[in-house]
Amino acid sequence: MIIHSEALNLQRTTVQDLAFVLAIEQSELNRIYIGQWSKEEHTTALQDPDIPHLTIWESIGKRVGYIIVTGLQETHLAVCIKRIVIHSKGFGYGKLSLRLVTDWIFRHTETHRLWLDVREHNHKARHVYESCGFTPEGTLRDCIKVGERFESLHIMSILRHEYMERTERQ
């Protein structure tokens, strides 16, 4: 799977990309906002047809992040954006990547509902998701343990008909 735009390309992550993936996932700028996977978990995901694990490349050939999507074969047609991690912040790569993967999912699969979760304190990401048409659905209170404390997750989604209406207006 390769998704192109003028500015970015999303392509399947390779084993050779995993050092980059792990480094940005564990960086100070990102780890407070996202879950952490081991190299083995990422490697397993690379081999799973239900999990597109995509590296985000700038058009000039520089890696700037990655995305993990789960549930492409889900019976209820509800696909999850498990993780979006951007290393080069402040250039709009997160928003553009989200738009590209959302467009691909609704145009190339039968997905009815695309959803994600965002940590309660990740206000910038939540703003990006809302600007791309995702609707807040609710909060899973204190559902993840981080060290000795618990954090809440906000669940957000966009439905196929909402996505189609947005694209028709643009």
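Modeller: Helices α3 and α5 are roughly perpendicular to each other, a label for angles of 65 to 115 degrees. This is a predicted model, where local features need pLDDT of at least 70 and side-chain atom pairs count only at pLDDT 80 or more, while totals for chains, interfaces and linings use all residues. Residues are numbered from 1 along each chain, and side-chain values use heavy atoms, leaving out hydrogens and water.

Colleague: At roughly what angle do the axes of α3 and α5 cross?

Modeller: Two packed helices are described by the angle and the distance between their axes. Here, α3 (residues 93–108) and α5 (residues 160–169) have axes that cross at roughly 115 degrees and come within 11 Å. Axes are lines fitted to C-alpha atoms over the stretch in contact, with angles from 0 to 180 degrees between N-to-C directions. Helices are DSSP runs (H or I, at least four residues), and strands are E runs of at least two.

Colleague: Which residues make the contact?

Modeller: Contact means heavy atoms within 4.5 Å. From α3 come Thr102, Asp103, Ile105, Phe106 and Arg107, and from α5 Arg160, Tyr163, Met164 and Thr167.

Colleague: And how many residues has the largest nonpolar core?

Modeller: A nonpolar core is a set of buried Ala, Val, Leu, Ile, Met, Phe, Trp, Tyr and Cys residues joined through side-chain atoms within 4.5 Å; buried means under 20% relative accessible area (1.4 Å probe, protein chains only). The largest has 29, with Ile81 and Val101 among those with the most contacts inside it. Helix α3 gives the most to this core, seven residues.

Methods. Parallel < 35°, antiparallel > 145°, perpendicular 65-115°, else oblique. Buried < 20%, exposed > 50% of the residue type's maximum accessible area, 1.4 Å probe, protein only.
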